[in-house]
Amino acid sequence: MISDTLKQIADAKSKLAALEKKAAAEQSKKLANLHKDAGFDSREDLISALQSLGVSAPKKRGPKPSAKKAAAKKPAAKKPAAKKAAAKKVVARKKTKSGKVRAARTKITDELRKKIVAAVKAGGKGTAIAKEFGISIPSLHNIKKAAGLTKARGK
């Protein structure tokens, strides 16, 4: 019984191999005459006709160009100096690699530093000041340190 089953399996495998060989031969014959079926004199004519279709290159994957590069390409509209000084936050948003949207960085100007130092001297909490002016807490600490508002660590 087992030997009959094994013999049937071996016969099926040999039939399958013969069918695969026949299919491969038919496919190569069809490919060899593809240029004639399409109405071309040679394979080279078919290839050049396909290349002349102007198939576009595949889309590039990866991060999009940064906002700085895009701004460098386009000339920025000039704003009056008063508007530049009055603006304390950048409203633009930026996508991170993970797809999350976050606010763009705030440009820390001398005027903004003075306002932050005044807020610290008025007794505001660090996190509230950082959130109000749109800066990070480490940036706030750097501004405080530069203004001499931090105590030196004792050893």
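Me: Which residues of α6 are buried?
Reply: Bear in mind that this is a predicted model. Buried here means under 20% relative accessible area. In α6 the residues that qualify cover an arc of only 160 degrees around the axis, which puts them on the same side of the helix. They are Leu112, Ile116, Val117, Ala119 and Val120.

Me: And which exposed residues sit on the face of α6 turned away from that buried side?
Reply: To count as exposed, a residue needs over 50% relative accessible area. On the face of α6 turned away from its buried side, the exposed residues are Asp110, Lys114 and Lys121.

Me: How far does α6 reach from its first C-alpha to its last?
Reply: α6 has 12 residues, and the expectation is set at 1.5 Å a residue. That gives an expected 16 Å, and the helix comes out close to it. From first C-alpha to last, α6 reaches 16 Å.

Me: What do the buried residues of α6 pack against?
Reply: Packing here comes down to contact, so look for heavy atoms within 4.5 Å. For the buried residues of α6, the partners are α7 and α8.

Me: Are α6 and α8 roughly parallel or roughly perpendicular to each other?
Reply: Their axes come within 10 Å and cross at roughly 85 degrees. Angles from 65 to 115 degrees fall in one class. So α6 and α8 are roughly perpendicular.

Me: How many nonpolar residues are in the contact of α6 with α8?
Reply: From α6 come Arg113, Ile116, Val117 and Val120, and they meet Leu140, Ile143 and Lys144 of α8. Sorted by class, the contact has 2 charged residues and no polar ones, and its nonpolar count is 5.

Me: Is Leu140 buried or exposed?
Reply: Leu140 belongs to helix α8. Leaving aside residues up to four places away in sequence, Leu140 touches Ile116, Val120, Gly126, Ile129 and Ile135. With a relative accessible area of 1%, Leu140 is buried.

Me: What is the C-alpha to C-alpha distance between Leu140 and Ile116?
Reply: Ile116 is among the residues that Leu140 touches. The two are 24 residues apart in sequence, and C-alpha to C-alpha they are 7.8 Å apart.

Me: Which residues of α7 are buried?
Reply: Helix α7 covers residues 126-133. The buried ones, which pack against α6 and α8, are Ile129, Ala130 and Phe133.

Me: Which residue just after α7 takes a positive phi?
Reply: α6 is followed by Gly123, whose phi is positive, near 100 degrees. Just after α7, a positive phi of about 70 degrees belongs to Gly134.

Me: How far apart are the C-alpha atoms of Ala32 and Arg43?
Reply: Ala32 lies in helix α1, residues 2-32. Its relative accessible area is 25%, so Ala32 counts as partly exposed. Arg43 is 11 residues away along the chain, and the two C-alpha atoms are separated by 8.4 Å.

Me: Stepping back, what percentage of the chain's residues count as buried?
Reply: The chain has 8 helices and 2 strands, in the order α-α-α-α-α-β-β-α-α-α. Among contacts with a separation of 6 or more, residues 24 or more positions apart account for 34%. Of the 155 residues in the chain, the share that counts as buried is 10%.

How values were computed. Residues are numbered from 1 along each chain as its sequence is written. This is a predicted model: local features need pLDDT of at least 70, side-chain atom pairs count only at pLDDT 80 or more; totals for chains, interfaces and linings use all residues. Side-chain values use heavy atoms; hydrogens and water are left out. Buried means under 20% relative accessible area, exposed over 50%, partly exposed in between (1.4 Å probe, protein chains only). Helices (H or I, at least four residues) and strands (E, at least two) are DSSP runs, numbered from the N terminus. The expected span of a helix is 1.5 Å times one less than its number of residues. The arc is that of the directions from the helix axis to the C-beta atoms. Axes are lines fitted to C-alpha atoms, for helices over the stretch in contact, and angles run from 0 to 180 degrees between N-to-C directions. Angles under 35 degrees count as roughly parallel, over 145 as roughly antiparallel, 65 to 115 as roughly perpendicular and the rest as oblique. Ala, Val, Leu, Ile, Met, Phe, Trp, Tyr, Cys and Pro count as nonpolar, Asp, Glu, Lys and Arg as charged, and the others, Gly among them, as polar.
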